[in-house]
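I opened the notebook to record what I looked up in this structure, entry by entry. The entries follow the order in which I looked.

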Amino acid sequence: MPRTAPAVCSAVHKTDPDRPRRAADGLNLCRGCLKGMHRNLSDLPWLHAEVVTSMPTTRATGSAPVSGSRTPGLPVNLRAGELHSQMGHDLRTIAGWVAKDRGIHLPVDGRVGSVCAWLAKHVNWLAASQYAADVRGVLTELVGRAWAVIDPDRRPMEVGPCVELVDSTPCDGMLWASVLDVGDPRPSKIWCDGCELELTPEQWYRFGRRYEARRRMSA
Ligand SMILES: [Zn+2]
Ligand SMILES: [Zn+2]
């Protein structure tokens, strides 16, 4: 019988891209990438909403609001507008691959939130398929572009290098924290972009001390 899944993750990794990552059992992706796909699909609906909110004005990074002033130029944020269409297009394309190859119906509702929720149920199938690396790449890129378009104050904050061990090798990912306003309905969290680590602020309180100790040791 031909082997359907290689032992190495087929996705591109930001840090140390030449180092092979062991694929999870039966999948074409490592566990960090699998977790990343789940996280991206749960983040994309509200990131998309933020992108839509950024569309109507030319709210360039660092510039004062232009409302009320007669400014030349278009009253739209072109990058946000473009990304808004790109997100819908890319997610529906991925859903099309799943529907066609699995012989199932596409989600009736083609909105970003509905397509993401639908895709989330097929993550394991995608991760074991020929599309694994492409889908991982597309989702990562959409999330990155969304963060670049929306308010800089709302972007995640870099905490520092991850100190977890993955397959007895130090993880080479980066820890991120979402910094949210009081009253923001989204859950605050700290996560690694290279492994499965994801913590609530309460867990971080305990984990943070271990993290500082390990970083001091490796410094
Ligand atoms: Zn991977
Ligand atoms: Zn990590």
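**Entry 1: helix α6**

I began with helix α6, where Phe207, Gly208 and Tyr211 are buried. I noted that this is a predicted model. I then asked what covers the buried residues of α6. The cover includes the strands β1 (157-161), β4 (174-177) and β6 (198-199).

Next I checked the length of α6. The helix runs over residues 201-218, and its 18 residues should span 26 Å at 1.5 Å a residue. I found its end C-alpha atoms 24 Å apart, which agrees with that expectation.

**Entry 2: the whole protein**

I stepped back to look at the whole chain. I listed six helices and six strands. In what pattern do they follow one another along the sequence? I wrote it down as α-α-α-α-α-β-β-β-β-β-β-α.

I also looked up how much of the protein is buried. Of the 219 residues, 38% are buried. The protein exposes about 13,200 Å², and carbon and sulfur atoms supply 57% of that area. For contacts with a separation of 6 or more, I noted that 54% join residues 24 or more positions apart.

**Entry 3: the zinc ion (ligand 1)**

Which residues are the protein donors of the zinc ion (ligand 1)? I found Cys9 (SG), His13 (NE2), Cys30 (SG) and Cys33 (SG), at 2.1 to 2.3 Å from the ion. The angles among the four donor atoms are 102 to 116 degrees, and the site is tetrahedral. For reference, I wrote beside this that the ideal angle for four tetrahedral donors is 109.5 degrees.

In sequence, the donor residues of this ion are spaced C-x3-H-x16-C-x2-C. Cys9 lies in the segment before α1 (31-53) and Cys33 lies in helix α1, so this pair ties together parts that are 24 residues apart in sequence. Both Cys9 and Cys33 are buried.

Are Cys192 and Cys195 buried or exposed? I used the cut-off that buried means under 20% relative accessible area. Cys192 is buried because its relative accessible area is 0%. Cys195 has a value of 6%, so Cys195 is buried as well.

**Entry 4: Leu44 and Val143**

I picked Leu44, which is found in helix α1. Leu44 has 0% relative accessibility, so it counts as buried. What does Leu44 touch, not counting residues up to four places away in sequence? I wrote down Met87, Leu91, Val112, Cys116, Leu139, Leu142 and Val143. Leu142 is 98 residues from Leu44 along the chain, yet their C-alpha atoms are separated by 8.0 Å.

I followed the list to Val143, whose place is in helix α5 (residues 132-149). Val143 counts as buried because its relative accessibility is 11%. Leaving aside neighbours within four places in sequence, Val143 is in contact with Asn40, Leu44 and Leu47. Val143 and Asp43 are 100 residues apart in sequence, but their C-alpha atoms are 7.8 Å apart in space.

**Entry 5: His48**

I stayed in helix α1 for His48. Its relative accessibility is 14%, so His48 counts as buried. Not counting residues up to four places away in sequence, His48 touches His84, Met87 and Val112. Met87 and Val112 are also among the residues that Leu44 touches.

**Entry 6: Asp16**

Is Asp16 buried or partly exposed? At 40% relative accessibility, Asp16 counts as partly exposed.

Terms used
Residues are numbered from 1 along each chain as its sequence is written. Chains are lettered from A and ligands numbered from 1 in the order in which they are written. This is a predicted model: local features need pLDDT of at least 70, side-chain atom pairs count only at pLDDT 80 or more; totals for chains, interfaces and linings use all residues. Side-chain values use heavy atoms; hydrogens and water are left out. Donors are N, O and S atoms within 2.8 Å of the metal (3.2 Å for Na, K and Ca); water is not among the atoms, so sites may look incomplete. Four donors count as tetrahedral if all angles lie between 85 and 135 degrees; four count as square planar and six as octahedral if opposite donors are over 155 degrees apart and all others between 65 and 115; anything else is irregular. Helices (H or I, at least four residues) and strands (E, at least two) are DSSP runs, numbered from the N terminus. Buried means under 20% relative accessible area, exposed over 50%, partly exposed in between (1.4 Å probe, protein chains only). The expected span of a helix is 1.5 Å times one less than its number of residues. Contact means heavy atoms within 4.5 Å. Accessible areas come from the Shrake-Rupley method with a 1.4 Å probe; for residues, only the protein chains shown count as cover.
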